[in-house]
Amino acid sequence: MTQSMVSCKKIKKYFETKSEVVKALDDINLDIELGDFIAFAGPSGSGKTTLLNLIGMLDSPTDGDIQIRGKSVLDLDRSSQANLRKREIGFIFQAYNLIPVLTVRENVEYVMMLQGQPAEERHQRASEVLEEVGLAGLENRRPAELSGGQQQRVAVARAIASKPAIVLADEPTANLDSVTGVALIDTMERLNREHGLTFIFSTHDPRVMDRASRLVRLKDGHIQPS
Amino acid sequence: MMSFILTMAWRNLWRQKRRTLITLAAIALGMACLVFFMSLMRGFQVRLIGLGTQTMKGEAQLHVTDYQKTHETNLLISNLEQTREKAQSWRGVRAVTPRLFSPSLAAMGDRSVSVELIGVDPKTEPNISNWKERIWKGRYLEKPGDIMIGKKLAEKLELDIGGKLVLTAADILNGELNSQLFHVSGILWSQNPQLNQYSAIIHLEDAWVLTGTHDAAHEIALVFDSSLVDSIKNPSVIHHTLDSQIPEGLELHDWRELLPEVALMLKFQDFFLMLSFLMIMFLVALGMMNTMGMAIIERIREFGVLQALGTLPKLMVRMVMMEFLLMGICGALFGVLFGWIVTLICQYTGIPLNQVEVSGFVLTEPLYPAMDWLRAWMYAVMFCALIPIFTLIPVQRITKLDTVRALRFS
């Protein structure tokens, strides 16, 4: 039996408010294979971001288990999870979330810096990745000097620079116009194809859903049968 | 990684320029006040020690054992010439002078008053005390038969230059009374009230006659070459340098032992300075903690991102601490610089003092602050070293950060 890249087993995530218990995710079972280009689709509040956060170890489930490469991440302490995250997972956020005081190059180098890579290697890798996402020549700009599309491409470059196995992207095209959004998905698809990176992203944009090799529809915290 | 963190810290510091500048100004102002206050204290201390050592005591004194404790007049340094020659030859000793003391009665016509007779060597005494420069009227002692008295004593006895004065003192050895007539050669005004009111300064040879002694003195006062012994800053150096050479039966006392009230005052000032440092730094720390609290809240989302990317909370704490350490270092540097500039200006202009009396001395001339670089840097370093402690409270928020909530923070 082949081992899944990510495996979610009977995942539940409940939020307690004063008056009720909100079931953000309820009994989610999902296996994601290496090299998947998978989209979580669904309306707002369906649980897409919550599921991404749980896979990315930014949050912990109320019940169930999440495994990466066959190992449960819930058994890990906070710092081990952080170490696993910086080694295996790249993040792309809806609002880009670049570090405003760092240049494009420094933003891309940040995770590699955390990994302890030597400056020269970081520098070279950042140049390669920025070239790949079409941002060569903008290395020394600050995020505020870039357009939304360019910032999101920097975020993609940051996510893939440290060569993670999985890239989690939370509505990566939501803040972009349709042309820029499609171009970004083109880039992500190419990276998935050429480097075998596993992309897991959430979206409610039908044009983006069409590009996914696998679509997981969520509604009210449940996976909808396809 | 360190240079990356430093770069981030430095740039983060200037994201809110106005706020950073205000906090920086508060640190610099606090440090500058402290440095200037320290310079004032130092100037005051130098003045006070100078007054103590120059008006009477010298920087150290040689006595017969126990004389400093009991002041018994029979505890005399005998073989004076030999001892003073020996003392003069010690390494670092610039000048020595002998003195002999005796309680005596000064009479002029039907007026008489108790005085302290001080027998001095007029040739060597000006190397130690500043009496020659403090002559208010007349001239300094020149020959046996001359007497110098303080201005207040002259007023009390209604004496002027050339006036006659009879001194009566007891023979130290047999207690018989001896009297001698003197002519007032000089009236001095000293910042030491004791000298102004109760002292009669005569030639050592006259003092020997009046006290029935010869080639003897109660003390030998010493001053040092500053190149060898910085006795003002560190009087214990005097003991380290000379103790092994002191002849048997004699003992050496540095100015701190000779001027205990001044030494106590200096200790009090040092304590007060430390208290001021703590108070100023506490206020500055409150300002810094507030700034830091705001900086953290504003960047909660950013910390969430850093955490999502795999940054450990302890690294984020180090980043914030580095930011405030940089701010503290800059503030402290500017503060020391600013304090030094103010000190320089006041060194040029002087700070007028209006006949303030401190520890038995009257301060009349303007006070000139003296920069104490060692202590200024010491306090600056202490402040910077305390910054990680100030930051412990605000950075708690980072260590307890919930990544998902932080990412939603706006």
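Trainee: Which strands of chain A does helix α1 (residues 48–55) lie across, and at about what angle does the helix run to β8(A)?
Mentor: Helix α1 of chain A lies across β3, β7, β8 (198–203) and β9 of chain A, and it runs at about 150° to β8(A). The angle is taken between N-to-C directions on a scale from 0 to 180 degrees, with axes as lines fitted to C-alpha atoms, for helices over the stretch in contact. Helices (H or I, at least four residues) and strands (E, at least two) are DSSP runs, numbered from the N terminus.
This is a predicted model, in which local features need pLDDT of at least 70 and side-chain atom pairs count only at pLDDT 80 or more, while totals for chains, interfaces and linings use all residues. Residues are numbered from 1 along each chain as its sequence is written, and chains are lettered from A and ligands numbered from 1 in the order in which they are written.

Trainee: Why are β6 and β10 (222–223) of chain A called edge strands?
Mentor: The open sheet has six strands in the order β6-β7-β8-β3-β9-β10 (chain A), with mixed pairing. In that sheet β6 and β10 of chain A each pair on one side only.

Trainee: How do you know that β3 (residues 37–41) and β9 (residues 214–219) of chain A are joined?
Mentor: Four bridges join these two parallel strands of chain A, and A:Ala39 stands opposite A:Leu215 in β9(A).

Trainee: Which way do the residues of strand β6 (residues 89–92) of chain A point, and are they buried or exposed?
Mentor: A:Ile89 and A:Phe91 point one way, A:Gly90 and A:Ile92 the other way, and all are buried. A residue is buried if 20 or more other C-beta atoms, placed from the backbone, lie within 10 Å of its own.

Trainee: Which residues is A:Ala157 in contact with, leaving aside its neighbours within four places in sequence?
Mentor: They are A:Val108, A:Val129, A:Leu130, A:Val133 and A:Leu135, where contact means that C-beta atoms, placed from the backbone, lie within 7 Å.

Trainee: How many residues does the contact between chains A and B take from each chain?
Mentor: The contact takes 18 residues from chain A and 15 residues from chain B. On the side of chain A that touches chain B, α2(A) gives the largest share, five residues.

Key: A residue is buried if 20 or more other C-beta atoms lie within 10 Å of its own, exposed if 12 or fewer, and partly exposed in between; C-beta atoms are placed from the backbone. Two strands pair if DSSP finds at least two bridges between them. Two residues are in contact if their C-beta atoms, placed from the backbone, lie within 7 Å.
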